[in-house]
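Work through the exercises below with the model open beside you. Try each task before reading its solution.

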Amino acid sequence: MSEPRFEPRIVAFFCTWCTYTAADLAGISRMQYAPNVRAIRLMCSGRVDPQFVLAAFRDGADGVLIGGCHPGDCHYQQGNYNALRRFELLRLMLSDFGIEEGRLRLEWISAAEGDKVQRVCNEMTEQVRALGPLRLVRGPRRRPRGTSGQAEAERGPGAVEEAELAPVLEMGGREAR
Amino acid sequence: MMATTYTYYPGCSAGGVGRAFTESLYAVFERLGAGLEELEDWNCCGATAWPSVDQRQAYALSARNLALAEDRVPGPGPVDLVASCTGCYRALLKAQKALEAATPTSVRLRDALAAIGLEFTGRARVRHPVDILLNEIGLDRIREAVVRPLTGVRVASYYGCQLVRPFATFDDSRNPTSMDRLVEAVGAEPVDWPLKARCCGGSCYCGGPVIGAMPEATMQLSYALLREASKRGADVVVTICPLCEFNLEGFQDRMAKRFGHPLDMPIGFITQLIGLALGIDERALGIHRLLHWRLPERVPAGEEGGVHARA
Amino acid sequence: MPVESVLATRDHEVDRPSGRSSPRSGNHGKRTRWRPVKDQSKFEAQLDPGFAAEIAAEVEGGELLHQCIQCGTCSSVCPLSAYMDLTPRRLIAMTRAGARDDVLHSMTPWVCASCYACTVECPKRVPITEIMHALRRISLRERTYPRRFTTPVMTKAFVDMIHDRGRSTESWISLKLYLRTNPALLVKNAGIAGRLFRQGRLGITRARIRWRDDLRTLLEAVSA
Amino acid sequence: MLEPESTRPPAPISSNGGPKIGVYVCHCGLNIAGKVDVKAVVEFAASLPHVTVARDYKFMCSDPGQELIQQDLRDGLVNRVVVASCSPLMHETTFRRATAAGGESPSHFQMASIREHVSWVTADGDEATEKAKALVAGAVRRVALHEVLEPRQSPVRPDVMVVGGGIAGIHAALTLADAGKHVYLVERETTIGGHMAKFDKTFPTLDCAACILTPKMSAVRAHPNITLWTFSDVVSVEGFAGDFRVRVRHRPRYVREDLCTGCLACIDACVHKHGKFDDEWNEGLSKRKPIYIPFPQATPPVVVVDRDACIWFKTGKCPRTCVDACERDAFDFEQTETYDEVEVGAIVLATGYRTFEASKMPEYGYGLYPNVYTSLEVERLLNAAGPTNGEIVLRDGSRPRTVGIIHCVGSRDAKHNPWCSKVCCMYSLKLAHMVKERTGAEVYNFYIDMRTPGKGYEEFYDRILKEGVHMVRGRVAGVTDEAASPEEEGHLVIRAEDTLIGSVRRIPVDMVILAVGIEPQPDAQEVRRLFNISCGSEGFFTERHPKLAPVSTFTDGIFLAGACQGPKDIPDSVAQAGAAAAEALAMIDRGHVTLEASTAFIDEAACSGCKTCVGLCPFGAITFDDERRKASVNEVVCKGCGICVGACPSGAAQQHLFTDAQILSEIEGVLEYV
């Protein structure tokens with residue numbers, strides 16, 4: 001084992017009612033899973049704005065996971081359907097940018113499914129690990145990622161230029177204010 | 001569905017005690033417009049003996065049969081491998097599931113197959129003749145083909161153990177009914193009884209009386225079955241396992257002596273029963289190979305002059 | 001070894017219909033031989049704490065044996081538990097306790113008919129039949145199996161025959177078996193053999209497959 | 001005594017009042033510190049922008065821990081607070097309150113969950129520390145952008161709805177009504193009483209169920225503060241804690257409840273001379289007429305017409321002798337469903353359970369052998385008001401001489417219900433006692449493990465053992481009528497391993513009683529959706545916290561009582577009902593609830609007038625001003641989901657505490673560590 005294993009970074013957006021609660025349940029049940037997923041709590045998966053996903057990729061995420069309530073179970077009636085629709089759209093968009101399908105995942109996880117949080121986080125980590133680091137050239141504003149500090153030189157041809165993402169990110173004229 | 005030809009895995013007992021089963025199976029399938037073609041160079045399934053020595057090798061034995069079946073029928077569709085002996089059926093099915101699972105064992109098995117130039121792609125599906133009769137050929141086609149309905153014959157179907165356990169693929173593992181439905185289709189009357197899937201003790205492995213491991217235990221188990229079947233008014237017990245059939249049939253005299261209760265229960269294979277209803281010649285069905293076979297007078301006589309047949 | 005004491009009745013008394021005969025019928029007048037009772041206590045040093053894990057690793061889903069609640073469903077659905085020295089439930093308990101020697105010397109796995117009733121009925125989904133097979137494997141490996149009992153002998157004869165020929169022939173298996181266990185059965189079952197022969201159900205020709213080398217290569221490859 | 005374990009000297013405070021963030025990392029004893037290197041996290045936090053104070057403490061939620069925050073706020077060292085500890089669902093309120101107590105807006109607070117999301121789920125300590133740092137970085141970046149929000153409050157309506165009229169619902173309703181609140185008690189059956197009303201005796205005291213229940217049932221009916229709606233169900237629930245709008249459907253009984261006196265003359269007069277239809281109340285063990293009352297003390301004592309059985313409804317041709325017999329003219333065959341809509345401040349759910357469907361285990365022969373009964377059926381047989389007037393007799397009228405009671409039917413079984421149903425051991429002992437007492441039969445109880453925790457329960461078990469009930473420790477594999485010996489002939493045979501003697505026993509009996517387990521109501525999932533609460537995959541409603549909030553749900557204002565939350569006996573159900581009533585009272589008497597701060601709002605300058613948000617809002621909180629071509633959010637109606645925000649193409653829709661900027665910063669934070 002000469003080379004350290006690639007540790008992907010995954011940003012997760014969890015709705016507070018189901019998936020975030022399920023993650024808490026996984027904790028209470030001491031279910032061990034890969035530490036690569038960092039959850040951001042939202043009130044509803046319907047709040048997930050496509051720009052969040054793109055921003056996460058731009059800021060160094062290798063994968064993005066969206067977790068919401070099962071269909072029909074949304075605390076706000078239909079927020080998860082909105083999430084689903086945006087997810088489908090995003091998938092198309094990402095493939096245009098050359099970002100592999102496996103890097104974005106949507107899962108319905110109910111408050112009772114702590115074990116599913118464990119499973120999905122582990123699966124996603126392995127899946128993204130297999131895909132390798134997201135080869136996205138970042139502007140000078142971003143610092144090099146990871147302890148291994150991948151040099152810019154490593155990024156071969158075919159890497160997605162951040163500039164390409166910019167128009168999408170700016171779609172609504174909304175950069176972090 | 002017409003003229004489907006299935007790949008057939010006879011199993012080792014087809015050359016011995018199970019001969020009548022194989023004969024009647026061919027005859028019935030042919031009459032119903034389904035062909036059976038014996039898998040070339042099939043090998044023993046390993047039964048329960050090989051897993052007692054080496055589980056992975058046991059899988060490999062069955063894996064070869066599955067791969068041979070795939071090799072025989074060009075893709076891409078599924079290949080139904082019909083195994084009549086329940087022991088073989090269970091062993092092959094278990095191997096099929098092991099191959100299909102995404103486990104190190106599966107990888108290893110596939111690699112081993114590759115070493116002899118074979119491949120399992122997942123097309124081979126192990127099926128039982130009862131499954132085929134019920135779900136492929138269908139009860140309607142069987143009903144249509146019946147020329148001599150076995151009206152009034154009370155038939156206790158004996159499922160044995162491994163047809164429905166541990167995998168209940170086409171029937172319930174506790175209260176199986178698939179054979180009863182076939183019995184009904186040929187005009188006979190199914191007898192419901194609680195022991196229809198209880199072990200007969202005759203598995204070659206646990207030691208039927210012939211093997212002699214535990215003659216008393218086996219006699220007790222078989223006797224309980226026969227006694228219960230006759231108590232429920234069965235005229236005949238039909239089964240699908242060569243070993244069950246032999247075990248229930250072959251030792252009735254010994255049981256009678258041991259338990260002081262006369263026994264003369266006709267035992268046969270379900271395919272023989274169906275064959276009789278379809279009007280197939282008794283000899284073709286291997287009826288002459290049975291010891292106690294006899295159907296009650298209630299059956300209207302057919303053109304062959306009755307269905308009384310004793311070997 | 002405590003094995004002797006716990007299983008003092010092994011082998012020769014296996015074939016007793018204990019569960020079935022009516023309580024009043026008693027021992028059928030058999031004389032009970034007095035035996036000194038040996039120390040049956042289990043000292044931790046005699047137990048193998050890793051045994052359950054060893055079995056669990058042998059069997060797919062084997063780790064479920066830790067979930068066993070000792071309800072006895074397996075024993076009561078087992079058609080042969082009345083003929084076992086340890087009921088399946090007890091076997092699992094002893095496996096879990098690490099009573100390695102007792103378990104590996106038990107007749108129970110060899111009495112099992114592989115009917116899978118226990119596996120199907122177990123409320124905790126313990127793959128009991130597969131565990132029985134695993135125990136057989138280990139006891140064959142470690143030569144703790146009952147030497148004169150038919151099933152292990154049969155197993156070996158069967159496996160040898162398949163290994164050599166690719167198929168088995170019932171008549172030959174039986175013949176081999178009688179010679180190795182109880183030649184008297186040859187005489188006793190001669191009538192049955194004769195009858196089967198007349199019915200055309202006694203395969204005399206020893207079957208074998210064509211590509212026997214393939215089979216051997218396969219078996220070697222999978223064990224490699 | 002406060003002993004901050006590491007402190008970074010305060011950074012120079014910018015004069016323009018920019019963010020000064022205090023980060024407080026909790027050890028949670030060893031829950032966090034046992035895995036996460038807390039010191040390293042503190043050091044890391046101190047290096048983050050705007051962080052002026054970074055400390056760690058054993059238990060941040062303790063008083064001294066909170067005081068630590070308040071002191072720093074009072075000292076002006078910080079004006080924003082990040083606590084890295086447990087899940088926000090656990091202690092967010094606590095720390096928001098502490099922030100407010102320190103004189104800062106409670107919205108200037110953010111939590112990082114480094115226990116549930118880190119220390120408890122990560123195997124490796126170094127990895128856990130890295131993940132903790134990332135979450136802290138996210139929280140720090142985000143809290144810097146938090147705006148000041150005034151907590152919004154909403155008044156609480158004083159009325160309460162109780163759904164389900166079993167013993168739990170009855171007790172909750174009476175407690176609330178006695179406290180002076182108006183209670184709407186909704187029951188879907190024609191009478192209240194629930195399962196308890198079907199029992200004969202209750203364990204362990206063996207007092208008669210009717211004797212202790214019926215007075216409470218009458219009290220419900222007589223109580224001026226209770227509106228009792230039976231044969232009714234809740235069809236919709238809108239609103240939020242303190243202000244629910246509930247719509248209730250009343251199904252027609254074809255008899256006017258306000259006129260019927262329960263004289264039952266109509267039942268005698270019915271053209272059916274004898275009962276002909278399965279009496280559900282007696283578990284089908286007797287027959288009733290198309291017009292019936294479940295049992296004499298049914299509450300309300302009003303008859304009901306079974307539309308599917310009544311000749312008038314089926315053919316339109318019936319002399320309707322029932323109508324003639326009624327002196328009060330209470331019949332109304334034209335009745336239809338009616339609806340009521342009420343506004344309540346809190347809801348108590350006490351929807352109960354159902355028993356396991358015994359026919360799902362064919363090995364026990366229920367439905368196949370007539371003398372195999374469920375425990376509920378035997379309760380009816382034992383009940384003096386039941387089909388046999390309290391006699392234990394078999395279907396042929398004879399008395400059983402041996403009876404087998406099988407415990408754990410459907411329970412502790414991976415193929416059916418994996419849980420222990422908790423009450424079956426005790427009620428099986430009770431049935432053993434009752435059956436033995438009434439018939440003198442030999443009784444065999446087959447159990448896997450005896451579970452008798454509870455006051456007087458073990459003593460009851462002692463008593464039953466003394467009475468000579470046979471206890472066989474073994475799960476029954478099957479019940480059969482196959483006789484293996486002459487003495488088994490004509491009996492049912494129970495087969496089980498007596499695990500204590502290590503042998504399989506076959507015990508011939510005349511009667512088998514299946515101790516069926518407790519499972520969620522079949523429509524639990526629909527009910528849970530209706531009330532917007534959660535439940536486990538099996539269907540028991542989930543309490544807010546298994547220990548500390550056992551009667552609350554994740555939806556404020558909705559409380560749980562009785563077996564709808566999990567298997568419970570009568571004492572537990574009543575205790576929980578009292579607790580649920582008390583929680584509801586506490587909320588009502590406080591007079592107000594604090595509303596979710598995270599409502600949406602529209603930045604009018606950015607709004608392009610596309611109306612996307614208007615159609616998306618599930619609560620109709622967004623209106624559109626056609627003249628100005630701008631959308632606006634009614635923050636009182638807004639529930640704070642943020643769906644509109646996620647969809648707004650121009651970024652005009654935003655959500656308090658979840659603005660785009662805040663979330664984008666959090667994303668950067670969780671990714672930009674080390």
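Residues are numbered from 1 along each chain as its sequence is written, while chains are lettered from A and ligands numbered from 1 in the order in which they are written.

**Exercise 1. Chain A**

Task: Describe the fold elements of chain A and state where pLDDT stays under 50.

Solution: 
- Step 1. Count elements. Helices (H or I, at least four residues) and strands (E, at least two) are DSSP runs, numbered from the N terminus. Chain A has five helices and six strands.
- Step 2. Read the order. From the N terminus, it is β-α-β-α-β-α-β-α-β-β-α.
- Step 3. Check burial. A residue is buried if 20 or more other C-beta atoms lie within 10 Å of its own, exposed if 12 or fewer, and partly exposed in between, with C-beta atoms placed from the backbone. Of the 177 residues in chain A, 51% are buried.
- Step 4. Check contact range. Two residues are in contact if their C-beta atoms, placed from the backbone, lie within 7 Å. Take the contacts in chain A between residues at least 6 apart in sequence: 80% join residues at least 24 apart.
- Step 5. Check confidence. pLDDT is the predictor's confidence in each residue, from 0 to 100. Its mean over chain A is 79, and 75% of the residues reach 70 or more.
- Step 6. pLDDT stays under 50 over residues 138–163 of chain A, with 29 contacts beyond four places in sequence. It also stays under 50 over residues 167–177 of chain A, with 21 such contacts. Where pLDDT is low, the predicted coordinates should not be read in detail.

**Exercise 2. Chain contacts**

Task: Which of the four pairs of chains that touch has the most contacts?

Solution: 
- Step 1. Pick the pair. Chains B and C have the most contacts.
- Step 2. Size both sides. Chain C gives 57 residues and chain B gives 53.
- Step 3. Find the main contributor. On the chain C side, α13(C) gives the most, with eight residues.
- Step 4. Sort by class. Ala, Val, Leu, Ile, Met, Phe, Trp, Tyr, Cys and Pro count as nonpolar, Asp, Glu, Lys and Arg as charged, and the others, Gly among them, as polar. The side of chain C that touches chain B has 30 nonpolar, 18 polar and nine charged residues.
- Step 5. Six residues of chain B contact six of chain D. No contact joins chain A and chain B, whose closest C-alpha atoms lie 15 Å apart.

**Exercise 3. Strands in chain D**

Task: Which strands pair with β12(D)?

Solution: 
- Step 1. Apply the rule. Two strands pair if DSSP finds at least two bridges between them.
- Step 2. Take β11 (residues 232–240) of chain D. It pairs with β12 (residues 243–250) of chain D in the antiparallel sense over eight bridges. D:Phe240 stands opposite D:Asp243.
- Step 3. Inspect the turn. The two strands form a hairpin with two residues between them, and D:Gly242 has a positive phi of about 90 degrees.
- Step 4. Take β17 (residues 338–344) of chain D. Seven bridges join it to β12(D), antiparallel. D:Val246 has D:Val342 as its bridge partner.

**Exercise 4. The core**

Task: Which residues touch the most other members of the largest nonpolar core?

Solution: 
- Step 1. Define it. A nonpolar core is a set of buried Ala, Val, Leu, Ile, Met, Phe, Trp, Tyr and Cys residues joined through C-beta atoms within 7 Å.
- Step 2. List them. In this core of 426 residues, they are B:Leu92, D:Ala84, D:Val136, D:Val140, D:Val348 and D:Leu514.
- Step 3. Follow one. Beyond four places in sequence, D:Ala84 has contacts including D:Val23, D:Ile114 and D:Val136.

Technical notes: Predicted model: local features only at pLDDT ≥ 70, side-chain atom pairs only at ≥ 80, totals over all residues.
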